[in-house]
Amino acid sequence: MTDVMRELLSILDLERLEHNLYRGRSPQVGWQRVFGGQVISQSLVAAQRTVDAEDKHVHSLHCYFMLPGDPSVPIIYNVDRIRDGGAFTTRRVVAIQHGKAIFTLAASFHRDEEGVEHQMPMSLDVPPPEELKTQIELINDSKLEIPEAIRRFWARERPLEVKPVNVEHYTTRDPLPPRQSVWLRMTGDVPDDRALQSAILAYLSDMTLLDTANFAHGRTGFDARLQMASLDHAMWFHRQHKLDDWLLYSQDSPNMIGSRGFSRGLLYARDGLLIASVAQEGLIRERAKPTK
């Protein structure tokens, strides 16, 4: 297990301060703001800690990002126990820093039930992860002209490996269909704990998703002339998975208007099992002046 994977598991082990009140910290890696997937996953952990029924598991969450998180100070998570029903339980979490709400999450938990089943099949056109290069391997490929901003970002150590299927989005300024697929894999064993597995899925669900909306315009999120920030995020958990192998994250962007880009994603296990669905809208705005 890598050090960054150990750190991820550590930051997801929130400190209990009081009844319904928890404290989380951020990795000190020099980022200017807290990664959105971190605050989603920590908020989910806080909500999970207040669900007493062991047979109820998260099936959906809906979030709003209100202010950027400050990685230099802890985040306080205040849980509202909205409802405890027979089959469903509902929680609302507010994340607070510097006395202000920076994020809110509503999550619903459901007792497993039997029922009819179907799922959208995974695309058969996607090459397996063994035939693709990781982001680290891509930036070391002298044949690819990858912009320096992307190289610096991909070079950062993370608790998961990423293998883009569609590299052309990062090497050209030509407009392309707003679709992409990436293979994702954690860099260490995930404990056999369903609640923690759901939290890690929530963490990685924020990876690469919003950037899909830029591809139709020949841009990427690494463009210094763009201001980008997640506005809201929704996720539906369909099937449990141990996260012990590569996951395929298939994404598209049906719409961009009013400086808001909308993206969707499906998370599949390698064998084609649909694990979760994701939707996100984010701010994508032209800056008045490019940042350095």
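## Starting at a loop residue

H98 is exposed, with a relative accessible area of 59%. Here exposed means over 50% relative accessible area, buried means under 20%, and partly exposed lies in between, using a 1.4 Å probe and protein chains only. H98 sits in the loop between β5 and β6 (100-111). Its phi is near 50°, a positive value in a residue other than glycine.

S259 also has a positive phi, about 65°, although it is not a glycine. You can find S259 in the loop between β10 (247-257) and β11 (260-269). With a relative accessible area of 32%, S259 is partly exposed.

## What kind of model this is

This is a predicted model, in which local features need pLDDT of at least 70 and side-chain atom pairs count only at pLDDT 80 or more, while totals for chains, interfaces and linings use all residues. Residues are numbered from 1 along each chain as its sequence is written, and side-chain values use heavy atoms, with hydrogens and water left out.

## The whole protein

The protein has 6 helices and 12 strands. These are DSSP runs numbered from the N terminus: helices are H or I with at least four residues, and strands are E with at least two. The radius of gyration is 19 Å, close to the 19 Å that the globule rule gives for 292 residues, so the protein is as compact as a globular protein of that length. That radius is taken over C-alpha atoms, and the globule rule is 2.2 Å times the number of residues to the power 0.38. Along the principal axes, the C-alpha atoms fill a box of roughly 55 × 45 × 40 Å.

How many of the residues count as buried? Of the 292 residues, 49% do. The protein exposes about 14,800 Å², and carbon and sulfur atoms supply 50% of that area. Accessible areas come from the Shrake-Rupley method with a 1.4 Å probe; for residues, only the protein chains shown count as cover. Among contacts between residues at least 6 apart in sequence, 70% join residues at least 24 apart; a contact means heavy atoms within 4.5 Å.

## Strands side by side

Now follow strand β4 (residues 75-84). It runs antiparallel to strand β2 (residues 21-24), and 4 bridges join the two. Two strands pair if DSSP finds at least two bridges between them.

Strand β4 is also joined by 7 bridges to strand β5 (residues 88-97), again antiparallel. A hairpin links β4 to β5 through 3 residues. Across this pair, the bridge partner of I76 is I96 in β5. As a general point, side chains in a regular strand alternate between the two faces of the sheet.

## Helix α1 and a proline

Which residues of helix α1 (residues 3-11) are buried? They are V4, M5, L8, L9 and I11. The buried residues of α1 pack against α2 (36-49), β8 (179-186) and α6 (194-204).

P191 lies in the loop between β8 and α6, and at 33% relative accessibility P191 counts as partly exposed. The C-alpha atoms of P191 and D244 are separated by 9.5 Å, although these residues are 53 apart along the chain.
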